[in-house]
Amino acid sequence: MPGKFFEKPTAQESDRVPPGQYLAKGFPVLSYGETPQVTPEEWIFQISGLATSKTLGWSEFMDLPQHEFTADFHCVTRWSKLDVTWQGVKVLDLMELVELDPKATHILQHCYGGYTTNLTLEDFLRPENFFAHTLENEPLPPDHGGPMRLVVPHLYAWKSSKWIKGIEFCDREELGFWEKNGYHSRGEPWAQERYAGR
Ligand SMILES: Nc1nc2c(c(=O)[nH]1)N[C@H]1C(S)=C(S)[C@@H](COP(=O)(O)O)O[C@H]1N2
Ligand SMILES: [Mo]
């Protein structure tokens with residue numbers, strides 16, 4: 001597939017590119033549907049389901065510890081991008097504010113615009129996962145999920161919700177949008193978990 005939009009990884013990069021993936025030039029936008037327009041002032045984040053319910057606004061999120069992150073990004077449509085730099089808040093720092101019901105085993109991410117995607121609690125509570133509001137030192141552009149998105153680097157990027165507006169804690173797997181449409185429930189790129197049942 002190398003050509004105008006893709007390039008072959010160099011030898012050093014190639015062991016960081018999962019099987020069946022090509023390196024994208026630039027940072028493609030991949031959205032199902034329109035980009036919701038949400039300002040930071042309007043943005044609200046809701047914890048729901050099997051946890052003490054809680055609503056946070058932008059300033060409460062900004063009061064959490066802020067970090068820089070560098071992470072590789074793998075879209076199931078076969079493009080990857082290495083070393084994307086972001087700023088934001090660690091999932092584990094947000095979770096300090098959340099009282100979980102011990103019955104919670106899974107989560108569902110909810111977004112402005114209606115997109116959803118599921119994770120096991122274990123995949124969600126990894127130390128490298130973060131909420132991002134800044135991409136390459138600029139406010140996260142709306143097309144890339146601004147004002148806020150989740151980034152889950154160890155799974156295909158459809159697990160990294162743009163325009164995130166909440167996390168619902170569940171006691172079983174509730175499939176999200178792509179997972180209901182045939183995508184794998186976990187989506188681990190090194191194992192090529194692209195489609196359900198394969
Ligand atoms: N809300 C929402 N989040 C989403 C999507 C979407 O359509 N809506 N697409 C997913 C997919 S398939 C990918 S590859 C990445 C793309 O992120 P990007 O557009 O910033 O490259 O976002 C993911 N998060
Ligand atoms: Mo994707």
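Which residues line the largest cavity? The structure is a predicted model, in which local features need pLDDT of at least 70, side-chain atom pairs count only at pLDDT 80 or more, and totals for chains, interfaces and linings use all residues. Residues are numbered from 1 along each chain as its sequence is written, chains are lettered from A and ligands numbered from 1 in the order in which they are written, and side-chain values use heavy atoms, with hydrogens and water left out.

**Figure 1. The surroundings of ligand 1.** Ligand 1 is surrounded by 20 residues, each with a heavy atom within 4 Å of it. Pro28, Tyr32, His144, Arg149 and Lys162 are the closest. The shell comprises 13 nonpolar, four polar and three charged residues. In this classification Ala, Val, Leu, Ile, Met, Phe, Trp, Tyr, Cys and Pro are nonpolar, Asp, Glu, Lys and Arg are charged, and the others, Gly among them, are polar.

**Figure 2. Contacts between the protein and oxygen atoms of ligand 1.** A polar side-chain atom of lysine 162 lies 2.5 Å from an oxygen atom of the ligand. Backbone N or O atoms also approach ligand oxygen atoms, at 2.7 Å for tyrosine 32 and at 2.8 Å for leucine 30. Of the 530 Å² of accessible area that ligand 1 has on its own, the protein covers 99% (Shrake-Rupley method, 1.4 Å probe).

Figure 3. The structure holds one cavity of 30 Å³ or more, a cavity being a set of points, on a 1 Å grid over the protein atoms alone, where a 1.4 Å probe fits but cannot get out. The largest cavity contains about 40 Å³ of space, a volume being the space filled by probe spheres set on the points, which are joined across faces, edges and corners. Its lining residues, with an atom within 4 Å of a point, are Asp72, Phe73, His74, Val151, Val152, Pro153, Leu155, Ala157 and Ser160. Six of the lining residues are nonpolar, two polar and one charged. Strand 5 (residues 67-74) gives the most to this lining, with three residues; strands are DSSP runs (E, at least two residues), numbered from the N terminus.

**Figure 4. Backbone geometry at proline 147 and aspartate 83.** Glycine 146 and proline 147 are joined by a cis peptide bond with omega of about 15°. The loop between strand 10 (138-139) and strand 11 (149-151) holds proline 147. Aspartate 83, although not a glycine, has a positive phi of about 55°, and its place is in strand 6 (residues 79-90).

Note on methods. Polar contact = N/O pair within 3.5 Å; in protein donor to acceptor, adjacent residues only side chain to side chain. 1 Å grid on protein atoms, 1.4 Å probe; cavity = no way out; pocket = protein on both sides within 12 Å on 5 of 7 lines; lining within 4 Å. Helix = DSSP H or I, 4+ residues; strand = E, 2+ residues; numbered from the N terminus.
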